[in-house]
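Please look through the sequence and the model below, and then work through the questions on aromatic rings that follow.

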Amino acid sequence: MMKFYTKFFTTVVLLLTLSFSTAVLAQQWEQIQELPAAQNIFVAKNGNLISSDFHFDYIGGIYYSQDGGLNWTKADVEDYAYNRMIQAGDYIIAAGEGCNLARSADNGITWEVLNYGYMYSEYLTEEAIQYNVCYAIIYYKNKLFLADFGGGGVIYSEDFGETWTMTDRESLKYYIDGVAMTRAKDDGMAIDSFYNMAENNNELLLFGVYFVYRLNETDYTWELLRNDSNFMGVSTTVNNRLFCGRAIMNYNANTPFLEYTEDGGRTWGRVGHADTLSYDTNVRAMHSDEKGMYVALQQGGFYYTTDMGETWMNISDGIPYNINNNDGSKMYYSPLIVDSDDEYIYTAIYDLPWAGTSVSGIYRYKKSDLPVASVDRTLNDIAVYISNSTIYTAEVADIAIYSINGTLVSNTTSAIEADLSSLARGVYIYQVTCNNATVTGKFIKR
């Protein structure tokens, strides 16, 4: 039987930060749990780590660690391929397939399963309900909101999933000319498949494949804000600014990398595609904390910014990858979820459950080793970033690398990056020239 939803599965090294003559050594991502098809990572309020594993035949499950990832225990809960976890009051809520939710009141140790499929029995077929999933879930103003992926609409609960109320479906309907709505049981009108819900400006926004809506809390109708969502499926908030990324490949440079709103979706700004990022702008996961904002691409690696997207730093080292046979570029495995605690950033790296590799699992990166951009504001704003394999800049530049005794070992002209992978271990000096200004500094090749 067909499943009526879209699953995201497509399918180092030390990062250095330079401030002219200094070099700061940073750590790479490390795997702390191996799972055949890692789906989710969540940090509980008490510090427990909670992960989930995706299998079509429901043999994955939920795991928890009470010691920072050293040891993991499989929880005694029926598996429904849980893909999202949120904190709702004192509960952790995990959204799974088949209109199932798992709920834990003890930070992920024990769970109970609740089902909300009956809310859609009037609108969806039994098969659609059986395979229905929820990617969009949020705890907003003491209510648990949930938007399904199969065209059922948006429901909310005031008792953490025990009972549910349907929001207005009519305001979500649209007509697709010439497309048979095999899932719907009503008037032939369609309801979008929803990927995300987020709060901004004290208002609730809903993101689908096509549309963006805002909730009218007086009558629980939905106001259409945009018809160009284009899979705007992931988001995070920094300083009251809601950033949104598209979980689909963008095929031209004109598509904005990220968009943001500060007024509940009434107006939007754009974060341009940084030259230092891969041209893969399929944003698979986003997260933010007191350190900054993290953006994980579908195959293009992992990036970090401390200035809301003005400059980006590559922190992909340690994430497993394959080599593109066409151009030799790295094709990273997909990070599905990002979360953090006081000490680490965590991500779930996915691989197909039948692939049999060891790359899938939960990874972490020490936050104290996050890079800081090396920028000389007096020399025409030249920004230099260095990993163990690449030196790159925010603008086209000439990049020369010298040994510690002054011998030129690499010279790259008119480029935004230079390959360091062939260098032997040791200390080197870089010289970056851009717009008639020059920046120099040292770095360590591991």
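Buried means under 20% relative accessible area and exposed over 50%, with partly exposed in between (1.4 Å probe, protein chains only). This is a predicted model, in which local features need pLDDT of at least 70, side-chain atom pairs count only at pLDDT 80 or more, and totals for chains, interfaces and linings use all residues. Residues are numbered from 1 along each chain as its sequence is written, and side-chain values use heavy atoms, with hydrogens and water left out.

Q: How many aromatic pairs does the count come to?
A: Rings of Phe, Tyr and Trp (its six-membered ring) pair if their centres lie within 6.5 Å; planes under 30 degrees apart count as stacked, over 60 as edge-to-face and the rest as tilted. By this rule the count comes to 28 aromatic pairs.

Q: Which kind of aromatic pair do Y140 and F145 form?
A: Both Y140 and F145 are buried. Their ring centres are 6.0 Å apart, and with 65° between the planes the pair is edge-to-face.

Q: Is Y260 buried or exposed?
A: Y260 forms a tilted aromatic pair with F243, at 5.7 Å centre to centre and 50° between the planes. F243 has a relative accessible area of 0%, so F243 is buried. The relative accessible area of Y260 is 19%, and therefore Y260 is buried.

Q: Which ring has R169 over its face?
A: A charge sits over a ring if NZ of Lys or CZ of Arg is within 6 Å of the ring centre and within 35 degrees of the ring normal. R169 lies 3.8 Å from the ring centre, over the face of Y123.
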